[in-house]
Amino acid sequence: DAKDVQDWRHPYKPYCSRRGQLSFDPKACAHWAQYSDLARLPHSRYFSSLPDCLLQLHSESDAELADRSRRMREFQSESTAAATTFWQRAIAALLAKNTTNLMLPD
């Protein structure tokens, strides 16, 4: 149904800023940023400027930074395993022409 397809469209074209482009649309960039790994991955720290970044890095111990890094690797490993399982099931279901029971992994 054309209406259903329309409902899935994003309000902005992807890639709000391109090389050589003199201007960009901040609303478009904000919209697409929410889908970025940088915005959705856990254990990330955000900073407002280079000095803020350096202050945050200096305020954490090596052990805290190593723990954050370990948690990031664990999340990535779990995400990769879940995606692999999903795509294996999806491809098998498509080959079997039976997608009625295809579910996202837990």
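A contact here means two residues with heavy atoms within 4.5 Å of each other. Keep that in mind for the whole tour. The model on your screen is predicted.

**Stop 1: the whole chain**

Show the protein chain as a cartoon. Among its contacts with a separation of 6 or more, 20% join residues 24 or more positions apart. Now look at the secondary structure. There are 5 helices and 0 strands. Read from the N terminus, the order is α-α-α-α-α.

The accessible surface comes to about 9400 Å². Carbon and sulfur atoms hold 60% of that area. What share of the 106 residues counts as buried? The share is 10%.

**Stop 2: H31**

Select H31. You are in helix α2, which covers residues 26–33. Is H31 buried or exposed? Its relative accessible area is 13%, and buried means under 20%, so H31 is buried. Next, show what lies around H31. Leave out residues up to four places away in sequence, and H31 touches H10, P11 and Y12.

**Stop 3: H43**

Move along to H43. This residue sits in the loop between α3 (37–40) and α4. Why stop for that? Most residues other than glycine have a negative phi. As for cover, H43 has 25% relative accessibility and counts as partly exposed.

**Stop 4: L50 and its patch**

Select L50 in helix α4, residues 50–59. L50 has a relative accessible area of 58%; exposed means over 50%, so L50 is exposed. With L50, they form a nonpolar patch on the surface. Together the three have about 310 Å² of accessible area. An α-helix has 3.6 residues a turn, so residues three or four places apart point the same way.

**Stop 5: helix α5**

Select residues 62–95. This is α5, with 34 residues. How far does α5 reach from its first C-alpha to its last? The span is 49 Å, close to the 50 Å expected at 1.5 Å a residue. Now colour R68, F86, A90 and A93. These residues of α5 are buried.

**Last stop: K97**

Go just past the end of α5 and select K97. Its phi is positive, at about 55°.

Notes:
Residues numbered from 1 in each chain as written. Predicted model: local features only at pLDDT ≥ 70, side-chain atom pairs only at ≥ 80, totals over all residues. Heavy atoms only, no water. Helix = DSSP H or I, 4+ residues; strand = E, 2+ residues; numbered from the N terminus. Buried < 20%, exposed > 50% of the residue type's maximum accessible area, 1.4 Å probe, protein only. Patch = residues over 30% accessible without salt bridge, like charges linked within 9 Å, V, L, I, M, F, W, Y side chains within 5 Å. Areas by Shrake-Rupley, 256 points an atom, 1.4 Å probe, with all protein chains shown as cover. Salt bridge = Lys/Arg side-chain N within 4 Å of Asp/Glu carboxyl O. Expected span 1.5 Å × (residues − 1).
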